[in-house]
Amino acid sequence: ELLFLPEEIERERKVGLEEWRQGRGAMARVREQLLPRVYHGSKYVERLPIGTEESLLGFEHAALIRFYKTWYRPELMSVLVVGDVDVAQIQEHITAHFADLQAAVDAPARLYEQVPMHDEVFYDVLYDNEIPQSSLAIMAKFPEEPKATHEAYRKNIVFELGLRGFNERLAL
């Protein structure tokens with residue numbers, strides 16, 4: 001039930017631009033150099049969630065409203081509650097505020113972008129004047145496996161802990 005008031009859109013545009021500017025440090029520059037390797041072959045290389053300075057400065061209000069109405073739909077949303085709460089009370093509160101929402105009719109399908117596997121081995125030596133220390137990172141892609149069983153979930157946790165331990169050792 002947003003109103004999309006022009007002055008509020010412009011205020012949020014300024015907030016978005018400031019967030020974008022704050023993220024422009026040395027680590028962001030290094031990340032931008034790594035993205036083509038990490039997300040090789042996918043749209044994620046060119047589509048960061050915050051967008052570009054040009055997109056933040058140049059979008060028209062109508063485009064923002066159209067995007068919101070297209071993609072901010074009940075069937076694409078989730079409500080998460082974390083904390084020491086009365087579950088029944090929270091469920092009642094959620095029902096009171098969201099039960100009347102209906103799935104969009106004739107809405108475009110949500111496409112899930114894949115990060116494809118590849119045979120190439122990439123390496124880079126990156127440098128930025130603002131980063132005073134050296135670091136080494138080894139990254140590997142693995143196909144995502146379903147975690148529908150306790151054993152699969154446990155296997156994934158053991159793998160992640162091993163990977164973290166290896167990376168912690170490299171950090172010393």
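Start by selecting Glu-130: with 55% relative accessibility, Glu-130 counts as exposed (buried means under 20% relative accessible area, exposed over 50%, partly exposed in between, with a 1.4 Å probe and protein chains only). Before moving on, note that this is a predicted model, where local features need pLDDT of at least 70, side-chain atom pairs count only at pLDDT 80 or more, and totals for chains, interfaces and linings use all residues. Residues are numbered from 1 along each chain as its sequence is written, and side-chain values use heavy atoms, with hydrogens and water left out.

Helices here are DSSP runs of H or I with at least four residues, numbered from the N terminus.

Next, pick Arg-37 and Asp-124, another salt bridge, at 3.0 Å from N to O. This pair also links helix H2 to the loop between H5 and H6, across 87 residues. Arg-37 is partly exposed at 33%, as is Asp-124 at 36%.

For the last pair, go to Arg-73 and Glu-75, with closest N and O atoms 2.6 Å apart. Is Arg-73 buried or exposed? Arg-73 is buried, at 5%, while Glu-75 is partly exposed.

Finally, zoom out: the structure holds eight salt bridges, and the chain has six helices and zero strands.

Terms used:
Helix = DSSP H or I, 4+ residues; strand = E, 2+ residues; numbered from the N terminus. Salt bridge = Lys/Arg side-chain N within 4 Å of Asp/Glu carboxyl O.
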